[in-house]
Amino acid sequence: MTAQLPAPLLNPVPDDDGAPFWTYTARGELRVQACANPDCGRLRFPPRPCCPHCRSFDSEWRRMSGRGRIWSYVLPHPPLLPAYAAQAPYNAVVVELAEDPLIRLVGNVVASADAPLDSVDPARLRIGARVQVAFTETDGVTVPRWLLERS
């Protein structure tokens with residue numbers, strides 16, 4: 001009988017539209033796609049080829065402050081995937097960005113960029129809590145994570 005390796009955590013699979021997002025995260029930058037039509041200019045996430053507001057195909061990637069608020073969160077019980085069982089209880093959050101509350105990113109609140117997913121006591125999480133982005137590399141992909149801002 002051979003020993004089984006631990007199951008890997010889920011990582012994003014970049015597509016053509018989202019590839020620039022991951023290029024910027026690898027540089028430690030949080031950027032969001034925006035319409036480059038001067039009459040529109042709205043942010044959009046997830047990235048896509050056409051602006052859903054004005055139908056322009058012109059786009060650019062704008063640097064964000066990295067600040068936001070917890071819009072929603074969940075503590076999966078029990079963890080649904082074996083790779084996450086050892087890190088329970090962990091959180092999965094939806095963060096609305098300070099620049100546009102309609103732009104929401106999913107991630108985890110952690111104590112530091114490279115901390116395990118269970119590094120923040122779930123009792124500290126609150127809807128509306130201010131967070132700041134941090135980046136960590138996992139299996140060749142740099143992902144955004146979130147740190148609670150001190151009140």
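Biologist: Which residue is the bridge partner of Glu-137 in β8?

Modeller: Thr-142. This is a predicted model, where local features need pLDDT of at least 70 and side-chain atom pairs count only at pLDDT 80 or more, while totals for chains, interfaces and linings use all residues. Residues are numbered from 1 along each chain as its sequence is written, and side-chain values use heavy atoms, with hydrogens and water left out.

Biologist: What makes β7 and β8 a pair?

Modeller: The bridge count: pairing needs at least two DSSP bridges between two strands, and β7 and β8 have 8, in the antiparallel sense. They form a hairpin with 2 residues between the strands. In that hairpin, Asp-139 takes a positive phi near 50 degrees. Strands themselves are DSSP runs (E, at least two residues; helices are H or I, at least four), numbered from the N terminus.

Biologist: How do you know that β4 is joined to β7?

Modeller: By 3 bridges, again antiparallel. β4 covers residues 67-74. Arg-69 stands opposite Arg-130 in β7.

Biologist: Why are β2 and β3 called edge strands?

Modeller: The open sheet has 3 strands in the order β2-β1-β3, paired antiparallel. β2 (43-44) and β3 (59-63) each have a single partner strand, so one side of each lacks a neighbour in the sheet. β1 and β2 pair over 2 bridges.

Biologist: Why is Leu-10 called exposed?

Modeller: Its relative accessibility is 61%. Exposed means over 50%, buried under 20%, partly exposed in between (1.4 Å probe, protein chains only). Leu-10 therefore counts as exposed. Leu-10 is found in the segment before α1.

Biologist: Which residues form a nonpolar patch on the surface?

Modeller: Leu-10, Leu-80 and Leu-81, with about 350 Å² of accessible area together. Patch members have over 30% relative accessible area and no salt bridge, and nonpolar side chains are joined within 5 Å.

Biologist: What makes the largest nonpolar core a core, and how many residues has it?

Modeller: It has 23 residues. A core joins buried nonpolar residues through side-chain atoms within 4.5 Å. Those with the most contacts inside include Leu-30, Ile-70, Val-131 and Trp-146. Elements giving two or more residues include α1 (19-26), β1 (31-35), β5 (92-97) and β8 (141-148). Another core, of 6 residues, lies apart; Tyr-84 and Val-110 are among them.

Biologist: What is Leu-30 in contact with, leaving aside neighbours within four places in sequence?

Modeller: Contact means heavy atoms within 4.5 Å. Leu-30 has such contacts with residues including Phe-21, Arg-62, Leu-97, Phe-135 and Trp-146.

Conventions. Patch = residues over 30% accessible without salt bridge, like charges linked within 9 Å, V, L, I, M, F, W, Y side chains within 5 Å. Areas by Shrake-Rupley, 256 points an atom, 1.4 Å probe, with all protein chains shown as cover. Salt bridge = Lys/Arg side-chain N within 4 Å of Asp/Glu carboxyl O.
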